[in-house]
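Me: Hi! I have a new structure open and I'd like to walk through it with you. Can we start with the charged pairs?

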Amino acid sequence: MAITLLDIYNKMTAQSWSIYETDLEASDDIEQSVVIAIQKALRTLWNAHPYSFRLKNTVIKTSKNITRYRRPDGNIVQNGVKILETGDILRPSHPSKVTGDSVGVPNVFYIKYNRLCFYPLPEREYTVSIDYNTFKLGRNAQDESIYNLKKLDDVLDVPEMFEDLFIDALLNKSMINALTSSRSELYQPYLQQFIESYKNLVINTSGLDTEVEIKW
C-alpha cells in the first residue's frame, strides 16, 4: 500500500499528545510545522543507514577522452563501479591524487565538481555499471523519483514489507523534531522509542539474522 505524505501527517497528528486536527483530506488545514518536522525526520532517517531498499544501479557509457559524467543520485557503494566489457572493478580515489592526462582503460574513479570522473581517460566507449545508495526517498504523482515528500500525494518509496518498520521509526523521529525542547517530559520517552524502532528497522531490512549495535 502506497504511503503518502498526508498519510504520515495524519498518523503523526493522531498521537495522544497532538493538538492538531487529524484525518485531514486536503491541504487547507495542514500545520506546516508538522510537515517540516516530518520532512526533517525523513531526510535524517533515510540517509542514516544504507538500507537494502536504497541500493540502486545505473549504467553509463563513456566517451573517448571524456573524463567527467553525471554522478548517481546517491553515494557509490564499495566495489560498486565496474567496467562490463573487462569485468574490472574501479578503485575510488581523490581528485588531489589524480595527476596527468593518461589515456587508456580506466582503473580509478573519483568525484570532482559533483561529477563522476574516470582515470585514465577512456580511450574508447566503455559500459560502466554503478551500484549506489540513492538519496531519493519518494515518488510524485508523475511517478518521478524525488528527494523528499513535499506534496500531500507524494509517496514514500519503501517496499511494502518494510513500510511499518520505517513508519514506526519515522513517526518517533518526527515527534522528537516537533518538540520545542529536549527538556520536554516527552523527549526522552520518544527518543527511547525512536532508538528501538530504528534498531528494528536496521536489523530487519538487512536480510541477515544478526544483532546490531545502534548508536544515535
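Reply: D73 forms a salt bridge with K136, and their closest N and O atoms are 3.3 Å apart. A salt bridge here is a side-chain nitrogen of Lys or Arg within 4 Å of a carboxyl oxygen of Asp or Glu. Keep in mind that this is a predicted model: local features need pLDDT of at least 70, side-chain atom pairs count only at pLDDT 80 or more, and totals for chains, interfaces and linings use all residues. Residues are numbered from 1 along each chain as its sequence is written, and side-chain values use heavy atoms, with hydrogens and water left out.

Me: Where in the chain do D73 and K136 sit?

Reply: D73 is in the loop between β2 (68-70) and β3 (74-83), while K136 is in the loop between β9 (127-134) and β10 (138-139), so the pair links parts of the chain 63 residues apart. Strands (E, at least two residues) and helices (H or I, at least four) are DSSP runs, numbered from the N terminus.

Me: Are D73 and K136 buried or exposed?

Reply: Both D73 and K136 are buried. Buried means under 20% relative accessible area, exposed over 50%, and partly exposed in between (1.4 Å probe, protein chains only).

Me: How many salt bridges does the structure hold?

Reply: The structure holds four. One of them joins R139 and D143 at 2.8 Å, N to O. R139 also pairs with D157, with the closest N and O atoms 4.0 Å apart. R139 is partly exposed because its relative accessible area is 26%.

Me: New topic: which residues have the most contacts inside the largest nonpolar core?

Reply: Those are L45 and F166, in a core of 37 residues. Such a core is a set of buried Ala, Val, Leu, Ile, Met, Phe, Trp, Tyr and Cys residues joined through side-chain atoms within 4.5 Å. The helices α1 (5-13), α2 (32-47), α3 (160-178) and α4 (187-204) each supply at least two residues of this core.

Me: What is F166 in contact with?

Reply: Leaving aside neighbours within four places in sequence, F166 is in contact with L42, L45, W46, Y51, F53, L156, V158 and L201. Contact means heavy atoms within 4.5 Å.

Me: And why is α1 largely enclosed?

Reply: Seven of the nine residues of α1 are buried, so the rest of the structure largely encloses this helix. The buried ones are L5, L6, I8, Y9, N10, M12 and T13, and their cover includes α2 and α3.
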